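Subject: The structure I promised you

Hi there,

Have it open while you read, and click on the residues as they come up.

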Amino acid sequence: THQWRGIIEEYRDRLPVSDTTPVVTLREGGTPLVPAQVLSERTGCEVHLKVEGANPTGSFKDRGMTMAITKAKEEGAKAVICASTGNTSASAAAYAVRAGMVSAVLVPQGKIALGKMGQALVHGAKILQVDGNFDDCLTLARDLSDNYPVALVNSVNPVRIEGQKTASFEIVDMLGDAPDIHVLPVGNAGNITAYWKGYTEYAADGIAKRTPRMWGFQASGSAPIVRGEVVKDPSTIATAIRIGNPASWQYALAARDESGGFIDEVTDREILRAYRLLAAQEGVFVEPASAASVAGLLKAAEQGKVDPGQTIVCTVTGNGLKDPDWAVAGAPQPVTVPVDAATAAERLGLA
Ligand code: F0G
C-alpha cells in the first residue's frame, strides 16, 4: 500500500492531467539518488548519482512515456510511433502494451544495443530498421505521424518533457534544495531541457531556493551542439546518443545559458573509462551513454572547473544490462574449474 505510485500520481498537480485522464503507468520514477564515494573523493564535492536505469524498462524514458502514452490514450489514439536509438522504443513498446495500443518503432539499422531491440521485440512492437541514422528515423516518424493515424511519442511531443522534468523534483525533494551543478549526457537534448524545466518550476514556486548550473556532455563523434553545426554522420560507441541534429537543440542552449552552465564533449575512451569506474568502484552498472555525464564531470575536474565543496548530481540515464557487450569486451574470460574446493580456492586466490 505504500508503493511509489508513478510520476503522474506523485506529481499530479504539476503535470497536464485531469481527474478523468486515463493514467497509463508502470510506476516509473522514484529512482535511487546514490552517493558516489569515489567521485566525491576525486572532486572534493558531494556527488550523487540519479540512477535512472532503475526505471521499469531500464531508462529515464519511462518518465516521459507514461505521460506520452497517457495523453495519447486520452486523445483516443490507437497507435503510437517513435524514432529511437533504442531506449525510447523499449519504453514506448512497454507502455503501449499497458494501454492496449499498437506501437511502431523506427531504429537506425545495426546501431541499437541488443537488449533494447529485445525489449521492443518482446513487447510486440512493429519494428522497422531504417537505412539511415537516428536523425533520419525522426524525420520519417514525424512524416508518418503527420500523414497517418499514429501519435508521435518522441520528445518533440511536449508532454514527454513534462514527464521527464519530474526527475528534478525528486532530486530537490531528496536533497532539500537543488544541487549546485547537474550533469547529463546529451543526445536529442530532450532530457536536459526537461531537467531545467523541472528545476526552474520548483525555484519559481519557492520549493527550491536556487537552480543548478546545467552541464551537458555529448560524445565527441556526435557533438553538434558543441561544434555549432549539424553532424551528418555521427559516430560513437555510446549508440544511445549517436545523434547529429538534436530536436531540442535550442532548448538545450537555453538551459545552458540561463543556468550559467556549459555543453562540452567527451571521447569514447573517456566514456568507457567512466563506465568501468562506475561499475568497478561505485557498484553502479550503466550503459555507455549514461557514463558520458560522469566522464564529463571527471574531465571538468581535471580542467580545474570543479570547485570543491559543491553538491553535484550526475544522471546516469540507462541500465548497463541494455548493452552488455561493453562489459564483456576486453574483460578476462572466467576460468573453468572442476568441482573441487582446493582448486577453486587456489584459483580464487584464497589459498
Ligand atoms: N542516455 C540514454 C541512455 C539515452 O537513451 C538517451 C537518449 C540519452 C542519454 C540522451 O537523452 O536525447 O534527451 O538528450 N535516447 C533516445 C532514444 C534518443 O531514442 O532512446 P536526450
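**What I found**

Let's begin in a loop: glutamine 333 sits between helix H14 (325-328) and helix H15 (341-347). One thing to keep in mind from here on is that this is a predicted model. Is glutamine 333 buried or exposed? It counts as exposed, because its relative accessibility is 68% and the cut-off for exposed is over 50%.

**The cores**

Now for the inside. The largest nonpolar core has 51 residues, and the members that touch the most others are Ile69, Val153, Ile192 and Ile225. Helix H4 (residues 87-99) supplies the largest share of this core, with 6 residues. There is another core apart from it, made of 37 residues, including Ala240, Val266, Ala292 and Val294.

Have a closer look at valine 153. Leaving out residues up to four places away in sequence, valine 153 touches Met65, Ala68, Ile69, Val80, Ile81, Cys82, Thr88, Ala92 and Arg160.

Threonine 88 from that list belongs to helix H4. Why does threonine 88 count as buried? Its relative accessibility is 6%, and buried means under 20%. With the residues up to four places away in sequence left out again, threonine 88 touches Lys61, Met65, Cys82, Ala83, Val153, Asn154 and Arg160.

**The cavity**

Next, the empty space. Rolling a probe the size of a water molecule over the atoms shows where such space is left. How many cavities of 30 Å³ or more does a search of the whole structure find? The search finds 1. The largest cavity holds about 310 Å³ of space. Its lining is made up of 26 residues, and those nearest its centre are Phe60, Lys61, Asn188, Ala240 and Ile241. The elements that give two or more residues to this lining are H4, helix H7 (158-164) and helix H9 (190-204). Sorted by kind, the lining residues are 9 nonpolar, 14 polar and 3 charged.

H9 has 15 residues. From its first C-alpha to its last, H9 reaches 21 Å, close to the 21 Å expected at 1.5 Å a residue. The buried residues in H9 are Gly190, Asn191, Ile192, Thr193, Ala194, Tyr195, Trp196, Gly198, Tyr199 and Tyr202.

Just after H9, glycine 206 takes a positive phi of about 75°. In the loop between strand E7 (181-185) and H9 you will find alanine 189, which has a positive phi of about 75° although it is not a glycine. Most residues other than glycine have a negative phi. Alanine 189 is buried, because its relative accessible area is 3%.

**One more positive phi**

Arginine 27 has a positive phi of about 65°, and it is not a glycine either. You will find arginine 27 in the loop between helix H1 (7-10) and strand E1 (33-35). Arginine 27 counts as partly exposed, because its relative accessibility is 38%.

Cheers

Key:
Residues numbered from 1 in each chain as written. Predicted model: local features only at pLDDT ≥ 70, side-chain atom pairs only at ≥ 80, totals over all residues. Heavy atoms only, no water. Core = buried A, V, L, I, M, F, W, Y, C linked by side-chain atoms within 4.5 Å. Buried < 20%, exposed > 50% of the residue type's maximum accessible area, 1.4 Å probe, protein only. Helix = DSSP H or I, 4+ residues; strand = E, 2+ residues; numbered from the N terminus. Contact = heavy atoms within 4.5 Å. 1 Å grid on protein atoms, 1.4 Å probe; cavity = no way out; pocket = protein on both sides within 12 Å on 5 of 7 lines; lining within 4 Å. Points joined across faces, edges and corners; volume = space filled by probe spheres on them. Nonpolar A, V, L, I, M, F, W, Y, C, P; charged D, E, K, R; others polar. Expected span 1.5 Å × (residues − 1).
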